[in-house]
Amino acid sequence: MPRKDLEARREYNRQWREKNPDKVKANSDRSAPTQRAYRKAHLAEYAEYQRKDRAKNPRVHLVNQAKTRARRDGLPFDISVETMYWPTHCPVLGVELSYNKEPKVRRENWQVRSATATLDRHINELGYVLGNVNVISHRANRIKTDATPLELSLVAKYAGS
């Protein structure tokens with residue numbers, strides 16, 4: 001199937017639908033409750049697929065998640081795995097970065113360790129553009145999530161005394 005050319009992809013899909021009307025009808029006959037039941041029944045298989053894919057390509061997974069968030073929030077996006085700098089240690093806290101997520105006991109939840117790498121937008125409104133995105137630890141990202149510079153300096157002053 002053509003991937004880049006939109007018109008060629010549409011033509012391919014049209015031809016496939018003409019050759020497979022029974023499959024098209026079966027798919028369109030599924031109601032929303034039936035689709036939800038199918039997804040629920042195959043949740044463990046899908047979670048296992050995601051875990052393996054994440055373990056194989058953690059950097060690709062981080063960039064794809066960012067692309068999804070950018071599309072959802074209407075933000076600019078122009079980064080790729082090749083253009084990003086992937087440090088071994090967090091530039092903020094200095095801890096060694098882990099690019100994989102470790103599963104919890106329950107498969108549907110994922111434990112995000114403090115040293116897990118995350119993408120951080122320096123200025124949120126600029127989106128995921130080169131120069132505005134850095135790789136930092138999840139702990140550092142959590143700390144700066146909603147703290148103001150004044151609050152951070154007050155905590156630093158308190159911790160130092």
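The largest pocket is lined by 23 residues, of which L119, D120, R121, N141 and T145 lie nearest its centre. A pocket here is an open set of points on a 1 Å grid over the protein atoms alone, where a 1.4 Å probe fits, with protein on both sides within 12 Å along at least five of seven lines, and lining residues have an atom within 4 Å of a point. This is a predicted model, in which local features need pLDDT of at least 70 and side-chain atom pairs count only at pLDDT 80 or more, while totals for chains, interfaces and linings use all residues. Residues are numbered from 1 along each chain as its sequence is written, and side-chain values use heavy atoms, without hydrogens and water.

By class, the lining of the largest pocket has seven nonpolar, eight polar and eight charged residues, where Asp, Glu, Lys and Arg count as charged, Ala, Val, Leu, Ile, Met, Phe, Trp, Tyr, Cys and Pro as nonpolar, and the others, Gly among them, as polar.

The structure also holds two aromatic pairs, meaning rings of Phe, Tyr and Trp (its six-membered ring) with centres within 6.5 Å; planes under 30 degrees apart count as stacked, over 60 as edge-to-face and the rest as tilted.

| Pair | Centre to centre | Angle of planes | Class |
|---|---|---|---|
| F77 and Y128 | 6.3 Å | 55 degrees | tilted |
| W86 and Y99 | 5.8 Å | 70 degrees | edge-to-face |

Both W86 and Y99 are buried, that is, under 20% relative accessible area, with exposed over 50% and partly exposed in between (1.4 Å probe, protein chains only). Y128 is likewise buried at 3% relative accessibility, whereas F77 is partly exposed at 26%.
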